[in-house]
Amino acid sequence: MYRTVYLKPGKEESLLRFHPWIFSGAIHHIDNGISEGDVVRVVTSDGRFAATGHYQGGSIAVRVLSFTDVPIDDAFWQQRLKAALDARRAMGFLDNSQQTTAFRLVHGEGDMLSGLIIDIYGRTAVMQAHSIGMHRSRREIAEALSTVMGDNLANIYYKSETTLPFMETENGFLLGGSEDDTAIENGLRFHVDWLKGQKTGFFVDQRENRALVEHYSKGRTVLNMFCYTGGFSFYAMRGGARLVHSVDSSAKAVELTRRNVELNFPGDRRHKAFCEDAFKFLEGMEEAYDLIILDPPAFAKHRGALHNALKGYTRLNNRAFTKIAPGGLLFTFSCSQVVTKDHFRNAVFTAAAQSGRNVRILHQLHQPADHPINIYHPEGEYLKGLVLYVE
């Protein structure tokens, strides 16, 4: 049924531990006629079945879909999506309370669908492929998703132009076509730019960390760096912040932040947004804020960039430590997958030591439950953060 990929002797060990990636160096040879994105069977050097997955050129040669010998058909997609949906129901989503209508339904390897992301915003699903195989399967996945979610879903928007830049892909609706771009998170409303925005249009992975900012914001002056959609900003305002400043180098992000703040707090003069480079803003600011949020984009997208990324995190956090008011709180994050928790903590430690400030760790933060980590794929633990009290 499917063409075959043959492993070198002994290279099946990671598959016996259910790791969902097969690297090119583990492959002895492949059948003729295999194209990128094809579903392939993977067998050991002595001919035993090992896995089924999507083939792709590059370092990660096969992304495993199943460790059992089953067809990758409509029933497969429906079963995997139903399992993901059942897990989200267990987490408390889809309870019809309307307090939160935004969550991640499929988190790649964490839901045993390597290369696929699906975020839900109200009755719209935004689907993103990170592999050619998932791109080629997008219509079958959309049909299965519509079947599994039923009346809970009216629209499916496909958004993979930026994740597969080497291919000719076109963003657009696979189902429906709603212009309603608002969703709800913990009772707060926000616009989702799934047409041109980063990722799927909003960073749903910071939901719980935004709520923690709200908890600590009362009476404080707050600086939200790399604000993007302004999520941390409008949570801080609901938490009772005296003043909130949002900063991003993107004029479009700053405008989206303003729209989201206005959506929740129309006419509220506590908020101002600035379109400026983060490092320049921190260097030039005269005001000492009581609470600073540093949530930059990924500084390292591959291991070769790790050294420079850690220097960047140290430099950024050092400026925040230098500028923050005594008794201030620093929320600092890294979303770079190749930056481990220890890497990040050491970079922040170095920044603290350079500043000469006394610093306490109050919280160690991570991604929420709807971004699960496959226990056999520790690389899926990408978001890490610290809440620091600075004397």
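Axes here are lines fitted to C-alpha atoms, for helices over the stretch in contact, and angles run from 0 to 180 degrees between N-to-C directions. Helices (H or I, at least four residues) and strands (E, at least two) are DSSP runs, numbered from the N terminus.

You're working with a predicted model, where local features need pLDDT of at least 70 and side-chain atom pairs count only at pLDDT 80 or more, while totals for chains, interfaces and linings use all residues. Residues are numbered from 1 along each chain as its sequence is written, and side-chain values use heavy atoms, with hydrogens and water left out.

**Exercise 1. Describe how helix H5 packs with H6.**

Step 1: Get the geometry. Helix H5 covers residues 207-216, and its axis lies 7 Å from that of H6, at an angle of about 35°.

Step 2: Find the handedness. H5 passes H6 in a right-handed crossing (left-handed if the near helix is turned anticlockwise from the far one by less than a right angle, right-handed if clockwise).

Step 3: Look at who touches whom, with contact meaning heavy atoms within 4.5 Å. Residues of H5 including Arg207 and Glu214 meet residues of H6, among them Phe232 and Tyr235.

Step 4: Sort by class. The contact of H5 with H6 has five nonpolar, two polar and four charged residues (Ala, Val, Leu, Ile, Met, Phe, Trp, Tyr, Cys and Pro count as nonpolar, Asp, Glu, Lys and Arg as charged, and the others, Gly among them, as polar).

**Exercise 2. Now do it for H6 and H7.**

Step 1: Helix H6 (residues 231-238) and helix H7 (residues 251-264) have axes 9 Å apart and pack at about 30°. That angle makes H6 roughly parallel to H7 (under 35 degrees counts as roughly parallel, over 145 as roughly antiparallel, 65 to 115 as roughly perpendicular and the rest as oblique).

Step 2: H6 crosses H7 in a right-handed way. Ser233, Phe234 and Met237 of H6 make the contact with Asn260, Val261 and Asn264 of H7.

Step 3: By class, this contact of H6 with H7 has three nonpolar, three polar and no charged residues.

**Exercise 3. Which strands stand at the edges of the five-stranded sheet?**

Step 1: This open sheet has mixed pairing and the order S7-S8-S9-S10-S11. Strand S7 (102-107) and strand S11 (172-175) are the edges; each has a single partner strand, so one side of each is left without a neighbour in the sheet.

Step 2: Check a pair inside the order. Strand S8 (residues 116-121) and strand S9 (residues 124-129) run antiparallel and share six bridges. Isoleucine 118 has methionine 127 in S9 as its bridge partner.

**Exercise 4. Why does the salt bridge of aspartate 69 and arginine 41 tie together parts 28 residues apart?**

Step 1: Their side chains meet at 2.9 Å, N to O (a salt bridge is a side-chain nitrogen of Lys or Arg within 4 Å of a carboxyl oxygen of Asp or Glu).

Step 2: Aspartate 69 is in the loop between strand S6 (60-66) and helix H2 (74-91), while arginine 41 is in strand S4, so the pair links parts that are 28 residues apart in sequence.

Definitions and conventions:
Two strands pair if DSSP finds at least two bridges between them.
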